[in-house]
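Dear colleague,

Please find below the structure that I am handing over to you.

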Amino acid sequence: MDSYNIVGVLGRGAFGVVELVRDFNLKKLAVMKTIHIKSMSAENVKEAIKEIQILQMLNHPNIIKYYNSFQNKQSFHIIMEYAIHGTLENFVNKCSLTSKYIAQNCVLNILSQVTMAVDYIHKMKIIHSDINPMNILLTGNQGTVVKLGDFGSSRILTSDKIVGENCCTPCYMSPEQCFGKPLRLKSDIWQIGCVLYYLITTKHPFVAKSLADTISSIVEGVLSISEKMNFYDRDVIMLLHELLNRDPTVRPNASAILSNPYILPYVLNSNCHWSKSGRKSLNQNY
């Protein structure tokens, strides 16, 4: 711990805390996720170790970087990249205060970067299983680089699907997760669809008064139609409905999404991000 100076607390959970630290070895700010294993079951400790193992496997420009990990008798510590511009949820909340909608090119560029991260992990047979705006982070000089984070609920596939506990954010659960069916890669695709819905409407999908009502809305496909959808091309809304198809076998895979004519230009131009186009268009809509 001598190599780190705690700057502040970013968040707390049932088994630990996430802190902003100054890493004296890296000579920059980083995030330290501390998992208190003393109060955890043996199974939960195994899951914490699995998160570290998965993070060590990953190296992609749209995934939060893993730097280091260490442990003592009471806790695990994971050192990761700090995304200086915060979460996608924070970004959307700010936009909703000053604009009727988020520009389509900005939405599609964010979607393309998230999907590139998911395509990468899916090719490694890894399911994220908790893709939501709090786990999507913005960094880079202008906040134009989008990164997927928090692999605490991730699983490595040993077949085309895996049995495991569903730990994702309730309104982002896929229908198969609601039914307690085995996880599969296409469950992540549903969650990408939920993120697209959130970007278009600035509202979380399938939100209801209770968890039971939320699950009912998901399994019945009751998706609220927003007037903000009128600001987007018909093909973009069609893509949204494809991603949120209740039948996972019908949903496109991540590679197919990236080859969509509306998404492909952003993939090909991924090094430019949206600093010159999306951000400018957003400002025009403020």
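Two strands count as paired if DSSP finds at least two bridges between them. The model is a predicted one, and in it strand 4 and strand 5 run antiparallel and are joined by five bridges. One of the residue pairs here is Phe70 with His77, the latter lying in strand 5.

Strands of a sheet pair through backbone hydrogen bonds, in either the parallel or the antiparallel sense.

His36 has Ser75, in strand 5, as its bridge partner.

Rolling a probe the size of a water molecule over the atoms shows where empty space is left. The largest pocket in the model has a volume of about 1,400 Å³. It is lined by 42 residues, and those closest to its centre are Val18, Lys33, Glu51, Asp150 and Gly152. Strand 1, strand 2 (16-23), strand 3, helix 1 and strand 5 are the elements that give two or more residues to this lining. Helix 1 supplies the largest share, with five residues. Divided by class, the lining of the largest pocket holds 17 nonpolar, 15 polar and 10 charged residues.

The second largest pocket contains about 160 Å³ of space. Its lining consists of 10 residues, and Glu176, Phe179, Lys181, Arg246 and Pro248 are those nearest its centre. In this second lining, five residues are nonpolar and five are charged, with no polar residues.

Which class of residue makes up the contact of helix 5 with helix 7? The axes of helix 5 (residues 185-201) and helix 7 (residues 234-243) come within 8 Å and cross at roughly 145°, and the crossing is left-handed. From helix 5, the residues that meet helix 7 are Ile189, Trp190, Ile192, Gly193, Leu196, Tyr197 and Ile200. Helix 7 contributes Val236, Ile237, Leu240 and Leu243. The contact of these two helices is made by 10 nonpolar residues and one polar residue, with no charged residues.

With kind regards

Terms used: Residues numbered from 1 in each chain as written. Predicted model: local features only at pLDDT ≥ 70, side-chain atom pairs only at ≥ 80, totals over all residues. Heavy atoms only, no water. Helix = DSSP H or I, 4+ residues; strand = E, 2+ residues; numbered from the N terminus. 1 Å grid on protein atoms, 1.4 Å probe; cavity = no way out; pocket = protein on both sides within 12 Å on 5 of 7 lines; lining within 4 Å. Points joined across faces, edges and corners; volume = space filled by probe spheres on them. Nonpolar A, V, L, I, M, F, W, Y, C, P; charged D, E, K, R; others polar. Axes fitted to C-alpha atoms, helices over the stretch in contact; angles between N-to-C directions. Left-handed = near helix turned anticlockwise from the far one by under 90°. Contact = heavy atoms within 4.5 Å.
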